[in-house]
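Q: Please give a close account of a single part of this model, with the cut-offs behind each term.

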Amino acid sequence: MPSEPHHDRREDRGNGSRSTFESLREYTPYLTMGFQLAASVVVFFLIGVWADKYWDTSPWLKLLGLLLGTVGGFVKFFHTVADLEKKEESKPGKPPK
């Protein structure tokens, strides 16, 4: 019994659709932004915890670490959003706003 030819799923979707890999690749920067924000807050907070124990200044360096991590995380977040918007606007075939 002859087997049916192998069909690529991307071919069956039509010309306008993209593969899952291409979609994931496009949205990866957006998916990592939340992790980057959370990681910066946690890392700076833990540095503050360590510094408070070392210099016995509790809770001031924890609070400073929390503040620095939050501000730094949001600065990185907004820079990433701005860069992604610039990249999106410069794509060929995109109408200008």
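A: The side chain of D52 places a polar atom 3.5 Å from the backbone nitrogen of S58; a polar contact is a pair of N or O atoms within 3.5 Å, where, within protein, one must be able to donate a hydrogen and the other to accept it, and residues adjacent in sequence count only if both atoms are side-chain atoms. The model is predicted: local features need pLDDT of at least 70 and side-chain atom pairs count only at pLDDT 80 or more, while totals for chains, interfaces and linings use all residues. Residues are numbered from 1 along each chain as its sequence is written, and side-chain values use heavy atoms, with hydrogens and water left out.

D52 belongs to helix α2, residues 20-55; helices (H or I, at least four residues) are DSSP runs, numbered from the N terminus. D52 is buried and has no salt bridge, the nearest side chain of opposite charge being K62 at 4.7 Å. Buried means under 20% relative accessible area, exposed over 50%, and partly exposed in between, with a 1.4 Å probe and protein chains only. Lys and Arg count as positive and Asp and Glu as negative, with His and the chain ends not counted; a salt bridge requires a side-chain nitrogen of Lys or Arg within 4 Å of a carboxyl oxygen of Asp or Glu.

Leaving aside residues up to four places away in sequence, D52 touches T57, S58, P59, W60, L61 and K62, where contact means heavy atoms within 4.5 Å. The peptide bond joining S58 to P59 is cis, with omega near 0°, and P59 sits in the loop between α2 and α3. D56 is found in the loop between α2 and α3; D56 has a positive phi of about 55° although it is not a glycine, and is exposed at 68% relative accessible area.

Conventions: Helix = DSSP H or I, 4+ residues; strand = E, 2+ residues; numbered from the N terminus.
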